[in-house]
Each structure stands twice: as C-alpha cells, then as structure tokens.
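Student: I'd like to learn how to read a pair of packed helices. Can we start with the whole chain and then zoom in?

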Amino acid sequence: MPRFSARLCAALLATATPVMAQESPALSPDLKLNEIQVLGTHNSYAMPVDKRLLAIVDPILGRMMSDIGTRMPASMAALFKEEHPNDVKMSEGLSYEHPDLKTQLDEGMRSLEIDVNPDPKGGNFLDPAGYRVLREKGVTDLLPFDKTGLDAPGYKVLHMPDIDFRSHCPTFKLCLTQVREWSDAHPGHIPLFLVVEAKVSDIPIFPNPTHTVPFTPALFDDLDQEIVSVLGRERLITPDDVRGAHATLNEAIRAGAWPTLKSARGKIVILMITATGEAATRGYLEGHPSLKGRMAFVRAEPGQDHAAFLMFDNALVRADDIKTYVRQGYIVRTRSDIETYEAKINDMTRANAAFASGAQVVSTDFEHPGNAYGTPYVVKLPGGGVARRNPVLGAR
C-alpha cells in the first residue's frame, strides 16, 4: 500500500472539502440580507444553440430588431438601448455556456436566473420550428434537445421559442428540484437569489412557429404554487416575511426590515422579472397588494408600494442610481457583461462598475475562464468566496 505524507493527505482532504466550508464564515451574522453582495449567472439553465440554426436566424433577427427599433416610442427605445447597449449579432449574444445548476452552485454562484414560459396544456414546446427547418435541409446531427417533462402541463424553461430552447432543466420543476437538492446537501449556505423571468416571447420567423401563452393572475398563482410545492414555504424568504407589521413592503425595506444573514442562511429569495413589463406586473399584484401572499419580490420602480427589488442591468449608466437605491434599502440586480460584448473585447470596466455599485446581485455569462472569443475575460467576486460585505453599505 502506498504511503502518503501528512502534507499530501491534507491537500487531498482540502480538495475534497465541499464548497460549504467556504460559505463566507467571516461575514457577520448580524448583516442584513441587503448588506451582502453575490455573483450569479445570467440565463443559468441555457445550453448552446446549434450554430447552423444561428446562421439562419442572424440576418432575419437583425432586420427585425432594426425595424422594431424605429417603431418604438422614444422612452421605450431609450430603455431598450440602455439594457442592450452593444451592437451584436444574435449569434454573438448567445456565445456563452454554463454547466448545470448544481455545478454552478458548487462553484460559488449564489444567484441563478431561470426563464419560465407557461404551458398550461403541455406539449407547446416539444417541436421547435428551428429544428424542423434544419431537418428539412437534411441536417441529421442536431445538438441534443432534452424533452423531459415537456409533454406535461407546467412551466417550461427556455430563452427563445424555436431558436434558443436547449436547457439543462427543461421544466421549472426540474430546475427547482435541482436547487432544492443542492440546498438540502449544503445546510447553512449563503441565501440564494433565484431570478425568475416570466417570459412571453413570440418570434414568428419560421413556418408554423410556437406561440406562447400570456401570463394571467391565475397562471401567476400556479407559478407561486409550483415554487412552494418544490422548495417548501419554510425555505423561502417572501414579501410577507419582510413586510411584517409595516403598511407596505416599500415602507418595510426602507426601514431596514430585511432579515439578518443568520436567519437567512439556507434560504432562497425569489426575484421576479416580468418580461412584458408593467402590464404583467399588475397581473402578479392583482389581489395581492404590496405582494401580500406572493412568493416573489417582483421588479418594481422605486417608491411603489410593492418595491423592494430593482433591476438596472447597465451599471455604467446607472452606477449612481444603484448606489442611491442600495442605500435606501432596495435589493438591486445588475450585470457585469451584456450580450457577451465585454468578453469579446476583454473589457472589465462594466464588471468593475457593477461590483462597485453595491448591487447585491451581479450577474455574468463568464464565470469560467475560456470563452468563444479566446480572450482571458472571466468574472469573479472581488476577494473570492461566495459572498462579501456590500461595498456601499459598509461594515457592521
């Protein structure tokens, strides 16, 4: 039997230690949930799109986006430009790749983003039009497409119907189950911020395209129920938990009502983005003033009764705003890179601005070294670890 030195044994044990051993023990347990900062991934579930499909899509979507841009109201066009500041092709914007959700969590991500698409009858996303077109062209070696659970009613996880539909977990239940299993295996973990985007994206560029189902208050009810059924109410930090006896959620967070890190460890916070904006947000709020009884903190505008979570993706434009709102008690999500442009030119300016802004959740597409552009661009939480004290709110 080979003999191992004490140093080698220690090294082997260190490599076998789970990430829980690095769960930021130096952070004060008295820090509030909004007084930390974590790194997460954007479209965390996504798998690469078949390049032959992107070759078809690029020129079509380029023309469509140019046309849409000329017809948008000025205010909407300005916001779109802010959130999509770089002129990139679709194939470039999708040039990123993440491992499965558990691997991302093992590697220190403490925020995941999952896009959910209603499919109340089941089967709506089983036969993507883009793959039909490729098969008609004689392509037989399509990238694998996991259809697990797509035939059943529920919420399906994909970025763009018919185009960007490959997912590590094709259904919301599968994604949530993976998160729950990881959480069970890592008790006391830094709270996870699960960003859920309620999507409605019809992109009719192929024959017989997939048509999505708009969210309604009833579908939002079902979505909340799905969250609770998989994760359990006891694992969630909800608007009701934070509001307490305050008249509104906004009043509560401005008064410092976020839970402490000690009480939040091992728990999950759902941050919801409604892709169609204020109209969909009203559907989530209907019958739930100030998010009473809801499971998610929905993206809001500062000062609204239900406002606790804000999103400003462009930290280069919104750095001062983010700092102001973080100091007022809001939780903010921003991005270190947008549509892969920063990786393409190896520019850390946006990432540095994102971390310095104090946004509690910074999202990246490049948590690993190595990218499609061959640049050294990679994003890590400053100082290492899985969470750090918020740089804007200071020490406790």
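Tutor: With 396 residues, a compact globule would have a radius of gyration near 21 Å, and the chain agrees, with 21 Å. That radius is taken over C-alpha atoms, and the globule rule is 2.2 Å times the number of residues to the power 0.38. This is a predicted model, where local features need pLDDT of at least 70, side-chain atom pairs count only at pLDDT 80 or more, and totals for chains, interfaces and linings use all residues. Residues are numbered from 1 along each chain as its sequence is written, and side-chain values use heavy atoms, leaving out hydrogens and water.

Student: How many helices and strands does the chain have?

Tutor: There are 15 helices and 11 strands, which are DSSP runs (helices H or I, at least four residues; strands E, at least two) numbered from the N terminus.

Student: What describes two packed helices?

Tutor: The angle between their axes and the distance between the axes. Here the axes of α8 (residues 217–231) and α12 (residues 278–285) come within 8 Å and cross at roughly 65°. Axes are lines fitted to C-alpha atoms, for helices over the stretch in contact, with angles from 0 to 180 degrees between N-to-C directions.

Student: Which residues make the contact?

Tutor: Pro217, Phe220 and Asp224 of α8 meet Ala280, Gly283 and Tyr284 of α12; contact means heavy atoms within 4.5 Å.

Student: Which residues of α12 are buried?

Tutor: Ala280, Thr281, Gly283, Tyr284 and Leu285, where buried means under 20% relative accessible area (1.4 Å probe, protein chains only). The buried residues of α12 pack against α8, β6 (268–274) and β7 (296–298).

Methods: Buried means under 20% relative accessible area, exposed over 50%, partly exposed in between (1.4 Å probe, protein chains only).
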